[in-house]
Amino acid sequence: MTQQNGPDATPPSVTTQEEMLTEATRVPLWDPEYDDVLVCRQVRQETHDVKTFVFSGREPRDFRYYPGQFMTFELPIEGMVTRCYTISASAARPYRLEITVKRVPGGPASNWLHDNMIPGKEVNVSGPGGEFTTDATADEKFLFISAGSGITPMMSMTRTACDLSEPYDLHFVHAARTPSDMIFHDELLLLASQNSGLKLSFTCDTAAAHHRWTGFTGRLSLSMLSLMSPDFKDRKVFCCGPGRFMEGVRNMLGEAGFDMEKYYEESFDFGAETAGTLEEYASVAPEISDQTFRVSFSKTGHVVECSPGMTILSAAREAGLRPMSSCQRGICGTCKSKLISGDIDMQHNGGIRQREIDQGKILICCSTPLSDIEVEI
Ligand SMILES: Cc1cc2nc3c(=O)[nH]c(=O)nc-3n(C[C@H](O)[C@H](O)[C@H](O)COP(=O)(O)OP(=O)(O)OC[C@H]3O[C@@H](n4cnc5c(N)ncnc54)[C@H](O)[C@@H]3O)c2cc1C
């Protein structure tokens with residue numbers, strides 16, 4: 001074998017950082033308009049009833065999303081069940097998506113995911129969507145308050161802020177039933193040990209059986225919060241957890257004279273009222289016609305009069321039908337249906353793709369008739 005030297009020699013194959021970045025940018029962007037299949041790559045057991053599912057595209061995809069946003073999953077349960085799950089991963093690691101799901105007793109979707117979603121399995125999704133996000137790298141002080149699986153949006157914001165290594169001041173308060181229900185506890189401790197801008201406080205309803213528990217014990221109260229975060233009134237608060245927990249936090253902050261303009265929350269229950277999301281969803285008030293139109297449902301044969309301003313979903317309900325729906329704001333896509341004939345005004349918030357609209361699909365929760373119409377329900 002001869003060794004090539006001198007000017008004619010092939011240069012050694014050294015990958016420069018610039019080349020690596022160029023290579024990285026070659027990964028196509030996840031295009032929510034066309035991309036809709038995720039492949040499960042890994043499953044992690046976080047606590048006794050919480051699992052994290054790691055996904056990527058069939059081919060590598062570059063996911064662009066704001067920490068705190070969610071994906072809508074279409075799960076093959078008795079036909080199809082649609083549920084939203086917040087992306088719990090760092091938005092600064094764009095080639096994979098992670099969701100962290102708590103098993104809800106009797107709940108179809110969470111149990112199906114826990115029992116069936118294994119590496120290699122594919123799932124149909126849409127998104128990302130949602131407005132609950134903050135730029136935690138901004139020159140502001142934040143207080144995250146979460147309970148149970150409500151930790152996921154805050155975890156994504158925290159992981160992203162730490163990955164980006166920008167100066168920030170973030171106090172993360174998390175509440176769980178017991179120490180063994182604490183999701184991401186060890187990872188948060190590690191992040192706090194490496195990032196001086198991150199401070200943590202944990203509280204458990206009960207910790208009796210856990211001798212080594214060093215956090216707070218008891219329900220989050222104003223006196224506990226004042227001990228944990230004496231300057232909480234100077235912070236922007238982001239809150240996520242069960243409805244009653246968030247109601248408690250709202251009341252507590254209100255009592256303390258907290259400026260609720262700086263309070264943002266995310267509900268995992270679309271049926272519940274949410275307070276002060278970062279940017280209000282675009283108004284779903286449709287272009288209201290002053291006419292009444294006839295809505296025919298082709299599968300069931302029902303026909304109803306739809307009065308001015310009434311959505312097709314409301315008309316279907318008036319007819320005694322129970323079409324699938326969830327967010328009622330044109331976000332989640334659960335109520336996607338086929339418009340067979342007629343004109344409608346649809347004010348959606350990202351829950352439907354343009355190509356689906358081109359195929360005659362509509363979201364009935366945010367659509368009102370502009371003529372007599374027929375819908376495939
Ligand atoms: C924007 C958004 C983001 C979400 N992100 C997450 C997430 O990151 N992780 C996650 O586990 N869930 C998340 N959820 C909730 C998720 O969509 C499902 O509602 C949940 O998995 C239960 O679905 P299910 O079909 O198993 O049970 P369902 O039949 O939908 O619910 C059964 C009962 O459990 C209650 N319930 C629903 N979710 C929870 C929960 N997480 N903890 C306690 N009780 C609950 C419901 O109010 C209902 O009474 C999110 C919901 C929304 C709207």
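## Salt bridges and a network

A salt bridge here is a side-chain nitrogen of Lys or Arg within 4 Å of a carboxyl oxygen of Asp or Glu. With that in hand, look at Arg44, Glu46, Arg96, Glu98, Arg159 and Glu187: salt bridges link them in a network. Keep in mind that this is a predicted model. Across the whole structure, a search turns up 21 salt bridges.

## Asp49 and Lys102

Asp49 pairs with Lys102 through a salt bridge, 3.2 Å from N to O. The two come from distant parts of the chain, 53 residues apart: Asp49 sits in the loop between β1 (37–47) and β2 (50–57), and Lys102 belongs to strand β5 (residues 97–102).

Asp49 has a relative accessible area of 13%, so it counts as buried. Lys102, at 30%, is partly exposed.

## Glu122 and Arg58

Next up is a salt bridge between Glu122 and Arg58, whose closest N and O atoms are 2.8 Å apart.

How accessible is Arg58, buried or exposed? Arg58 is exposed, because its relative accessible area is 52% and the exposed class starts over 50%. Glu122 is partly exposed at 39% relative accessibility.

## Glu265 and Arg250

Glu265 and Arg250 meet in a salt bridge too, at 2.7 Å from N to O. Here strand β12 (residues 263–266) supplies Glu265 and helix α6 (residues 243–255) supplies Arg250, 15 residues apart.

Glu265 is buried, with 0% relative accessibility, while Arg250 is partly exposed at 24%.

Technical notes: Residues numbered from 1 in each chain as written. Predicted model: local features only at pLDDT ≥ 70, side-chain atom pairs only at ≥ 80, totals over all residues. Heavy atoms only, no water. Helix = DSSP H or I, 4+ residues; strand = E, 2+ residues; numbered from the N terminus. Buried < 20%, exposed > 50% of the residue type's maximum accessible area, 1.4 Å probe, protein only.
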